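Here are my notes on this model, point by point. Please keep the viewer open while reading.

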Amino acid sequence: RVVMNCESIDSTSTDTDTGNDEGLMDSSTVIYLRVMYEMILSSKSLTEVKKSNLMMNIVPDVTVLGTVLERHMNKLNSIRFGKEDDEGNSIGDDDDDEICDELCFVCIHLLKLANVLDVKEEGSRRHLSSIIHRVLCSLHTHDELIEGCVHLLATTHDSEASFLRSISEVLTSIVDIEEENNNSISDDERRVQYLRAIEILSITFEKISRRLSKNAILINFSRLILTTITDPSLGSLVREAGVSCLGRFVILMDEEIVIDKYKPLLTEIAFREDEKIEIRAQALLAMCDLGILFERSMAPLTLESIPGEDITISISDILLNAITKSKKSLVIVAAECAAKLMFAGRLHDANILSILITIYFDQNFCSDNLYEDSDDVKEVGSPARLQQLLTLFFPAYSIKSPIGKDTLLTSITPLLDVVHEKMSTKAKGKKITAWPIVKMIEYVLHLVEKGEENQKGNDGPRDEASPILVATLAISNFLLKEAS
């Protein structure tokens, strides 16, 4: 049942928590209004006229909401940057931090409310667009508000091309090329500028489609992205953000451009062992997306920029290297990428599959992350997320295609080698981990049998060797090799 006498955006009470009389909203009011507006909008029992009247009671006009939003953002900035020490650094007390958190929360929900408004009227749309444009151009805007602002700016434009033009104007305002050429800004200021620009670009790429792959403005964004990756003075944090942004950028481009211009760069970053793990992980994720999107990107590539001799390498080589010789955080990302590529039919590697099975049965793999937050589990790089993904991946991979079933069966031999190596290697101060090798092989055979049952139902029986016989031969050959 919809509450009729709800508050209005322009008639909110004074925020007593912040101790001011500027008509600021508190968090409970803004979330009540947003949820109420969304309930009215999605209601199936109200007529369109009733919906319109009730929604106008909450938001009388888009321009009013824009004014209220800008007022709260200006207040947030005045508190964050209004107090400075003798050196010009902003200072504040605990009360200011609480007020900033409250105002930031209010702004986030005002942005969410604005995103569901009807902004078809030209004047209202231009007014709201100009406000968001000013907010994005300011480096003082809180980081948590950037995503909502970019999404709202996209809503206020009637086409993707005009949205890109507006974003281009914002980036030109943030990254001042003339000041860079005149060396009138410090390295720290440049890092802040480029980090904010890349953050805006990364969100922008989520709001546009591949129909704009030949758009000149979109193509020109590559100069900014490549600068963040290749300029060492910007630091590793900006470089990591740049590689992540490049991964979103390349999936919007045509295949020829991606293969010729961007694949070599991503391959080199993912392959270099002296690169930071976080940056390599972003490159691997980008290459995984490209592998799923473009089959040609799976082909081997010769890297000429690696010191010494030229190296021909493929994404399967990079994944195998990362999954066996890297730190745990990179292993998790590489394992997830490998599982995705295998399920997509782009990759079938028994060696990689055998390592995925050992990860799945490794009792210690998630031991350090037993108390992960629910939000962390959803993120790429979470051990718990990888375990959940592998739980679904193995059965699905075995029944998806005959080659998946065959690859699983072939993985028994390298699986024995991997487990034997792990049991033979004793870390200093640690006991040797016991591996349930019998259960691991039984699990593989169970998956293969499920794949065969599915295959018989679809295509009829095939004349193939028994999975148990194949596994027995693999175990026998392994034992003979070790005995010799």
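1. Which residues in α13 meet which residues in α15? From α13 come I277, R280, A281, L284, L285, C288, G291 and I292. From α15 come S329, L330, V333, A334, C337, K340 and L341. Here, to meet is to be in contact, that is, to have heavy atoms within 4.5 Å. By class, the contact of α13 with α15 divides into 11 nonpolar, two polar and two charged residues. Ala, Val, Leu, Ile, Met, Phe, Trp, Tyr, Cys and Pro count as nonpolar; Asp, Glu, Lys and Arg count as charged; the others, Gly among them, count as polar.

2. A word on provenance. This is a predicted model, where local features need pLDDT of at least 70, side-chain atom pairs count only at pLDDT 80 or more, and totals for chains, interfaces and linings use all residues. Residues are numbered from 1 along each chain as its sequence is written, and side-chain values use heavy atoms, with hydrogens and water left out.

3. Two packed helices are described by the angle between their axes and the distance between the axes. α13 and helix α15 (residues 328-343) pack at an angle of about 0°, and their axes are 10 Å apart. The two helices are therefore roughly parallel to each other. Axes are lines fitted to C-alpha atoms, for helices over the stretch in contact, and angles run from 0 to 180 degrees between N-to-C directions. Angles under 35 degrees count as roughly parallel, over 145 as roughly antiparallel, 65 to 115 as roughly perpendicular and the rest as oblique.

4. Now α1 and α2. The axes of helix α1 (residues 27-42) and helix α2 (residues 48-58) cross at roughly 170° and come within 9 Å. α1 and α2 are therefore roughly antiparallel. L33, M36, Y37, I40, L41 and S42 supply the α1 side of the contact, and K51, L54, M55 and I58 the α2 side. By class, that contact has eight nonpolar, one polar and one charged residues.

5. The whole chain. The secondary structure comes to 22 helices and two strands. Helices (H or I, at least four residues) and strands (E, at least two) are DSSP runs, numbered from the N terminus. Of the 484 residues, 46% are buried. Buried means under 20% relative accessible area, exposed over 50%, partly exposed in between (1.4 Å probe, protein chains only). The protein exposes about 24900 Å², and carbon and sulfur atoms supply 50% of that area. Among contacts between residues at least 6 apart in sequence, 70% join residues at least 24 apart.

6. Helix α11 (residues 235-250). Its 16 residues should span 22 Å at 1.5 Å a residue, and its end C-alpha atoms are 22 Å apart, which agrees. The expected span is 1.5 Å times one less than the number of residues. V238, G242, V243, C245, L246, G247, F249 and V250 are buried in α11. Their cover includes α9 (187-206), α10 (216-230), α12 (255-271) and α13 (277-293).

7. Helix α10. It has 15 residues and reaches 22 Å from first C-alpha to last, close to the 21 Å expected. Its buried residues are L218, F221, S222, L224, I225, T228 and I229. They pack against α7 (160-174), α9, α11 and α12.

8. R296 sits in the loop between α13 and β1 (301-303). Its relative accessible area is 39%, so R296 is partly exposed. Leaving aside neighbours within four places in sequence, R296 is in contact with E255, E256, I259 and K263. R296 and E255 are 41 residues apart along the chain, and their C-alpha atoms are separated by 8.4 Å.

9. S314 is in the loop between β2 (311-313) and α14 (315-325). Is S314 buried or exposed? At 9% relative accessibility, S314 counts as buried.

10. D187 lies in α9 and is partly exposed at 42% relative accessibility. N74 lies in helix α3 (residues 62-81) and is partly exposed at 46%.

Note on methods. Areas by Shrake-Rupley, 256 points an atom, 1.4 Å probe, with all protein chains shown as cover.
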